[in-house]
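Here is a short report on one protein chain.

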Amino acid sequence: MGSEDLKIETSDERRTLQIVLWLNILIAIGFFVTGWFGDSNALLANGLDNSSDAIVYGLSLLALTRSQIWTRNAARLSGGMLLVFAVGVAGDAIRRYFEGSEPLGLIMLAMAAIAGVVNLICLWLLKKIEKKDVNLRAATTFSFNDFISNGGIILAGVIVLWTGSNWPDLLVGLGVAAIAVYGGIDILRDAHADKHQSG
């Protein structure tokens, strides 16, 4: 590959990550606002998830112009952040279980539907990048996990509307935490494997 090709590829990756970064920032704000007013652990959990995603995308942008060691360390930080995020979400779900909550199903449905469309756009953009480093693979993992989480929120919102109970919201919040644990471990393994492949 010539230096010109490398420059073009890096430019495309940077532009894609910038778009995905801002989409995640906007959707995180939406999750926080609707989660607060809708009293929903699942929405707040996804807001935290998208916030951590945005930070990771920012690190990925920096990694495009850094060494492979720096890139692997950024991926390790991404995986670690997901694990910490999962603990916080699980703790909030447990708190709501004992203290009680009244999630609003319609708000959950509306926000999850919007976020699902945004996540599909992110996945489509990331899929166009043929050669992904460990951080770009992490970005793809995040977007896919977010899309699954949004489907869970839609299902929970329907059940909340039907039953008036908060347990579907809490279960989805815990489910998001579980997905974050899986994604975090997967990213850490990927970074570890990348180190041995390049070593």
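## Salt-bridge network

A salt bridge here is a side-chain nitrogen of Lys or Arg within 4 Å of a carboxyl oxygen of Asp or Glu. By this rule the chain has 4 salt bridges. Asp-39, Asp-92, Arg-95, Arg-96 and Glu-99 are joined in a network of them.

This is a predicted model: local features need pLDDT of at least 70, side-chain atom pairs count only at pLDDT 80 or more, and totals for chains, interfaces and linings use all residues. Residues are numbered from 1 along each chain as its sequence is written, and side-chain values use heavy atoms, with hydrogens and water left out.

## Arg-96 and its partners

Arg-96 pairs with Asp-39, with 2.9 Å between the closest N and O atoms. This pair links distant parts of the chain: Asp-39 sits in the loop between helix H1 (3-37) and H2, Arg-96 in helix H3, and 57 residues separate them. Helices (H or I, at least four residues) and strands (E, at least two) are DSSP runs, numbered from the N terminus.

Arg-96 also forms a salt bridge with Asp-92, again described by an N to O distance of 2.9 Å. Arg-96 and Asp-92 are 4 residues apart in helix H3, so about one helical turn separates them.

The classes are buried (under 20% relative accessible area), exposed (over 50%) and partly exposed (in between), with a 1.4 Å probe and protein chains only. Asp-39 is partly exposed, at 28%. Asp-39 also has a positive phi of about 50°, although it is not a glycine.

## The Arg-95 and Glu-99 pair

Arg-95 and Glu-99 meet in a salt bridge through their side chains (2.9 Å, N to O). Both lie in helix H3, 4 residues apart, about one turn of the helix. Arg-95 is partly exposed, at 35% relative accessibility. Glu-99 is exposed, with a relative accessible area of 58%.

## Overall fold

The chain has 6 helices and 0 strands. From the N terminus, the elements run α-α-α-α-α-α. Of its 199 residues, 46% count as buried.

Contact means heavy atoms within 4.5 Å. Among contacts with a separation of 6 or more, 82% come from residues 24 or more positions apart. The chain exposes about 10,100 Å², and carbon and sulfur atoms supply 69% of that area. Accessible areas come from the Shrake-Rupley method with a 1.4 Å probe; for residues, only the protein chains shown count as cover.

## Enclosed space

Rolling a probe the size of a water molecule over the atoms shows where empty space is left. A cavity is a set of points on a 1 Å grid over the protein atoms alone, where a 1.4 Å probe fits but cannot get out; lining residues have an atom within 4 Å of a point. Grid points are joined across faces, edges and corners, and a volume is the space filled by probe spheres set on the points.

How many cavities of 30 Å³ or more does the search find? It finds 1 in the whole structure. The largest cavity holds about 40 Å³ of space. Its lining includes Asp-49, Leu-82, Phe-142 and Val-176. Helix H2 (41-63), helix H3 (68-99), helix H5 (134-163) and helix H6 (167-198) each give two or more residues to this lining.

By class, the lining has 6 nonpolar, 1 polar and 3 charged residues. Nonpolar covers Ala, Val, Leu, Ile, Met, Phe, Trp, Tyr, Cys and Pro; charged covers Asp, Glu, Lys and Arg; the others, Gly among them, are polar.

How values were computed:
1 Å grid on protein atoms, 1.4 Å probe; cavity = no way out; pocket = protein on both sides within 12 Å on 5 of 7 lines; lining within 4 Å.
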